[in-house]
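I opened the notebook to look up a few local features. The entries follow.

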Amino acid sequence: MSNMTGSTFTTTDGVELYYKDWGSGQPVVFCHGWPLNSDSWEAQMFHLASNGFRAIAHDRRGHGRSSQPWDGNDMDHYADDLAQLIAALDLKDAILIGFSTGGGEVARYVGRHGTARVAKLALVSAVPPLMLQTGDNPGGLPISVFDGIRAGSLKDRAQLYIDIASGPFFGYNRAGAIKSQGAIDAWWMQGMMAGHKNTYDSIKAFSETDFRDDLKKFDRPTLVVHGDDDQIVPFEAAGKAAAAMVPGAQLLVYPGAPHGLSETHKERLNADLLAFARA
């Protein structure tokens, strides 16, 4: 395709998306969380690519090294971008793995595009079924939580990202937690690479999108991984609820693990994802 380079491709609506493509074998496609980029998956990508799989991840529109369009910062566009990447690379029997917001992206992909190119699905610390507290989703978080994130973004986005990374994201606000300043700095750097408007709009996308109908279309082996001390995406309303909605889903609960378990529990997650991919 003429709109592809070794590390970018352009969507039908003119958004340039950056991606990385490591190794060879059955493709494993990683979708990242807010406000990060594909670098947040590097430990898992390195591990799977080193063990016989082709690890692929893109920077979501508005994030990382991809374009920062003013519009289209919503789950439907995210899912359609993912579909275009999968089609452009002509991936078959792909294993789709989504972390946090990326889990919503994977769910909406299945809802809009089906599983013809998909072999397996994994949701890690993921936002489905629905983060927002509503009349029929009483376990969700109140809108005031997300309004607070929006207000923080407008007031001092750089400080907000420091506060999230140095506190609840990695569980560094828990007694006895050993902070990695490097992990905090990397999270902040990735967040600041993303567009201001894009990350602002994405708060609505990850919090208010209802993925319940998308999950009902999951018809491939599904793994759900969640920490039971997730302070960002609560386990009961997210991982536990999502696993219950997908027939035959395997639920792995990491005791005491925070939201950012791909960093804090990387050895265990690497092993679990590799075992799932090989199964």
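Where is S100 found? I place S100 in the loop between strand 5 and helix 3 (101–113). Helices (H or I, at least four residues) and strands (E, at least two) are DSSP runs, numbered from the N terminus.

I note the ground rules. This is a predicted model, in which local features need pLDDT of at least 70 and side-chain atom pairs count only at pLDDT 80 or more, while totals for chains, interfaces and linings use all residues. Residues are numbered from 1 along each chain as its sequence is written, and side-chain values use heavy atoms, with hydrogens and water left out.

**Backbone.** I looked up phi. S100 is not a glycine, yet its phi is positive, about 55°. S100 counts as buried because its relative accessible area is 7% (buried is under 20%, exposed over 50%, partly exposed in between, with a 1.4 Å probe and protein chains only). D93 also has a positive phi, near 55°. I find D93 in the loop between helix 2 (75–88) and strand 5 (94–99). Most residues other than glycine have a negative phi, and most peptide bonds are trans.

I then checked for cis bonds. The bond from W34 to P35 is cis, with omega near -10°. P35 sits in the loop between strand 3 (26–31) and helix 1 (42–49). P128 and P129 are joined by a cis bond too, omega about 10°. P129 lies in the loop between strand 6 (118–124) and helix 4.

**Helix pair.** I looked up helix 4 (residues 143–166) and helix 5 (residues 181–193). Their axes come within 9 Å and cross at roughly 145° (axes are lines fitted to C-alpha atoms over the stretch in contact; angles run from 0 to 180 degrees between N-to-C directions). The contact (heavy atoms within 4.5 Å) includes Y161 and I162 of helix 4 and W187 and W188 of helix 5. By class I get nine nonpolar, two polar and one charged residues. Ala, Val, Leu, Ile, Met, Phe, Trp, Tyr, Cys and Pro count as nonpolar, Asp, Glu, Lys and Arg as charged, and the others, Gly among them, as polar.

**Cavity.** Which residues line the largest cavity? I list V127, L130, M131, G139, G140, L141, V233, P234, A237 and A238. A cavity is a set of points on a 1 Å grid over the protein atoms alone where a 1.4 Å probe fits but cannot get out; lining residues have an atom within 4 Å of a point. The lining divides into eight nonpolar, two polar and no charged residues.

**Exposed loop.** G248 is in the loop between helix 8 (236–245) and strand 8 (250–254). G248 counts as exposed because its relative accessibility is 76%.

Note on methods
On a 1 Å grid over the protein atoms alone, a cavity is a set of points where a 1.4 Å probe fits but cannot get out, and a pocket is an open set with protein on both sides within 12 Å along at least five of seven lines; lining residues have an atom within 4 Å of a point.
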